[in-house]
Amino acid sequence: MSADRIEELKRRRRQQWLEVLREQGLGYLFMAPWAIGFLVFMAIPLGWSLYLTFNKVKLTPEGFDYAWRGLGNFRDALLLDHVYPVKLLTYIQEVILMIPIIVIFALFVSLLLNQSFPGRFLFRAIFFLPVIFATGQVLTELFSQGAGELPFIDQYNVKPLVQQYFGPRFAEPILGILGKVVIILWYSGVQILIFIAGFQTISKSVYEAVRIDGATPWESFWKITLPGAVPFIGLNAIYTIVDLFTFPLNPVLEEIKSNMFKPDTGYGYASALAWIYFTIIFLLLSVVFLLIRKAALRRRRV
Amino acid sequence: MVELVQRWSAAKNKIRQVWIGRKAQKVKRLIIGQYLNDGLMAKAVICMMLSFIAYLYLQPLLYMVTTMVKPLSDLLDPTIKWIPRSLDWSNLKKAWYGLQYPEAFRNTLIIALICSIFQVCICAITGYALARLRFFGRNFAFFLIILSFMVPPQIIIIPLYSIYGELGWLNTPLVFLIPALFGQGLRSALFIIIFRQFFSTLPKALEEAAKVDGASGFYLFARIMLPLARPAALVVFLFSFIWYWNMYYEPSMFLNSSFTPLSIRLNNLEAVLLGPDMSGVKITAQNPITEGTKMAGAFMIIAPPLLVYMIAQRWFVESIDRTGLVE
């Protein structure tokens with residue numbers, strides 16, 4: 001091999017390296033603002049709040065005054081507090097009921113919207129409308145004036161029926177949901193859009209094929225549309241859970257906020273409450289995530 | 001009896017014959033459709049069901065609008081449910097003063113508009129890097145973004161409060177502008193995921209062609225990729241604008257005095273109206289603060305984004321189909 005050729009190869013390799021370095025550098029450059037932001041506005045506050053949970057925090061004119069108490073805050077929250085665990089449990093029950101309501105409602109509406117009929121655009125616009133005005137304050141105001149209830153709940157005396165059939169243990173969350181069911185349904189705007197967009201990913205030719213084989217629309221729904229929608233059901237379940245974190249009628253958040261400014265509990269205790277809440281929701285998310293994984297794997301195997 | 005049965009079967013035959021006739025077939029196809037879900041009947045059923053759900057869905061909004069214009073006597077009258085006997089516009093006037101609307105509107109607009117523009121830019125850049133550039137730690141960064149989407153704001157609000165306090169940003173719009181500029185705005189993780197999804201669907205050949213033509217990394221992004229991402233940018237901008245407009249929890253922590261957006265002021269409506277009278281609206285027994293006033297306030301908060309949505313919704317729904325918001 002001539003010296004020229006070796007030189008040429010070296011040059012080419014150097015160039016390749018430069019190319020790789022340049023792409024790496026460009027990547028880091030593009031990511032830099034986000035990384036700085038993440039560090040300052042997410043990572044540091046997150047670490048700090050974790051530190052707060054192990055302390056009794058007092059606000060003095062000079063700043064925070066920490067007194068280490070180990071796991072004391074968590075122990076108090078779970079064993080001594082009379083209000084928080086009850087509110088937390090009730091709300092988690094409600095969330096577990098709300099997720100299927102929202103997801104199934106979104107699936108149903110998006111299926112209807114996916115058919116072709118006159119006025120489709122109008123209906124799409126209507127069902128996305130609540131994303132705009134489902135704002136914390138407006139919702140709370142509407143809810144306190146009783147505008148979120150279904151009109152027939154009072155008319156047909158649903159309340160005693162629920163109490164009779166579900167027992168006092170489960171009646172409360174169910175009634176809680178019935179009282180704001182319209183507002184809950186309002187939380188399905190984004191989910192409806194995700195489903196509609198999801199249906200576009202199923203190719204039309206599959207439907208034509210099964211139609212030629214003599215499948216009814218009913219069958220093609222169960223055999224094609226629904227399995228095709230499974231990943232989006234999962235996505236929507238996750239989105240719904242995350243969305244309900246900050247649901248404006250969320251009693252857990254109110255409790256956390258009120259504890260923040262109580263003199264005998266303070267920031268440390270409130271942080272502990274928030275972390276307990278976060279952990280539970282995180283577990284919920286992991287369960288949903290695992291279920292989707294499982295469903296996806298099963299589908300791949302078939 | 002026998003005659004009756006015969007006559008019945010004759011009639012049945014006749015009906016069947018007509019039914020088999022070509023015209024009937026056509027009508028049948030039109031009504032029931034070839035596959036049941038493409039006929040008029042199915043369409044009518046779908047429309048009816050959707051209208052019913054839409055009614056339920058819009059009912060609180062209708063409640064808001066009708067309550068807003070009800071005078072006191074109509075509010076107290078249990079026989080009046082939806083349609084007021086007379087229209088009363090004083091609620092809107094009271095809400096206008098109670099919210100101190102022009103000032104609050106300006107504050108909200110500053111936050112929502114600037115933050116959402118920042119969000120579009122930064123999330124596009126980050127999403128592009130995640131989708132298109134190879135660098136070490138890319139997957140880890142994506143994992144962190146998903147994780148940050150799931151952290152409830154309540155956890156970090158106290159440390160953030162003291163950080164912003166140190167920096168002297170409290171009660172200024174900076175508490176929202178700067179985080180948005182650095183990719184930590186409201187639900188920015190979701191927006192980054194949308195952009196990443198969008199950019200990863202673009203064909204690879206595009207980049208190669210541009211590289212052959214000698215385009216640098218920045219040029220490629222700014223001149224080729226970003227213009228293509230217009231539908232995604234529109235979706236992100238609208239979502240971001242609306243969510244910033246409606247944001248309540250964070251402002252209630254960081255903005256206590258002077259610089260408050262509309263959402264906060266609904267709570268203080270009564271205090272402002274009952275306070276020192278500078279407004280020109282007199283609160284008396286004949287002209288009290290009613291549910292109608294609060295509904296008028298609520299309506300005035302949602303009216304601007306509603307208007308934006310009405311203008312943009314056509315592109316918006318189309319864009320969502322095109323962005324591949326999913327997966």
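UniProt positions are given in the numbering used here, and the annotations may be inferred rather than shown by experiment. On that basis, the unreviewed UniProt entry for chain B lists "transmembrane region" at residues 35-58, 109-130, 142-164, 176-199, 220-245 and 295-312. The coordinates examined are those of a predicted model.

For the complex, the predictor reports an ipTM of 0.80 and a pTM of 0.83. The mean pLDDT is 82 for chain A, with 92% of the residues scoring at least 70. For chain B the mean is 83, and 91% of the residues score at least 70. Within chain A, helix H1(A) has the highest confidence, at 90, whereas helix H7 (residues 152-155) of chain A has the lowest, at a mean of 65.

Two of the annotated spans of chain B were examined for secondary structure. Residues 295-312 of chain B are 100% helix and 0% strand, and the end C-alpha atoms are separated by 25 Å. Residues 176-199 of chain B are 75% helix and 0% strand, with 27 Å between the end C-alpha atoms.

In chain A, the annotation "transmembrane region", again from an unreviewed UniProt entry, covers residues 26-51, 95-114, 121-140, 174-199, 220-247 and 267-292. Of these, residues 95-114 of chain A are 100% helix and 0% strand, the end C-alpha atoms lying 28 Å apart. Residues 174-199 of chain A are 88% helix and likewise contain 0% strand, with a distance of 31 Å between the end C-alpha atoms.

The interface between the chains involves 89 residues of chain A in contact with 92 residues of chain B. About 8,500 Å² is buried between chain A and chain B, and carbon and sulfur atoms account for 79% of that area. Of the area that chain A buries against chain B, 10% is supplied by A:Phe30, A:Trp34 and A:Phe41, more than by any other three residues.

Polar interactions across the interface were also counted. Between chain A and chain B, 10 residue pairs are in polar contact, both residues being at pLDDT 80 or more. One salt bridge is found across the interface. A salt bridge links B:Arg187 and A:Asp243, whose closest N and O atoms are 3.2 Å apart. On the side of chain A that touches chain B, helix H1 (residues 3-53) of chain A contributes the largest share, with 22 residues. By residue class, that side of chain A comprises 66 nonpolar, 17 polar and six charged residues.

Note on methods
Residues numbered from 1 in each chain as written. Chains lettered and ligands numbered in written order. Predicted model: local features only at pLDDT ≥ 70, side-chain atom pairs only at ≥ 80, totals over all residues. Heavy atoms only, no water. Contact = heavy atoms within 4.5 Å. Buried area = accessible area lost by both parts, 1.4 Å probe. Salt bridge = Lys/Arg side-chain N within 4 Å of Asp/Glu carboxyl O. Polar contact = N/O pair within 3.5 Å; in protein donor to acceptor, adjacent residues only side chain to side chain. Helix = DSSP H or I, 4+ residues; strand = E, 2+ residues; numbered from the N terminus. Nonpolar A, V, L, I, M, F, W, Y, C, P; charged D, E, K, R; others polar. pLDDT = per-residue confidence, 0-100.
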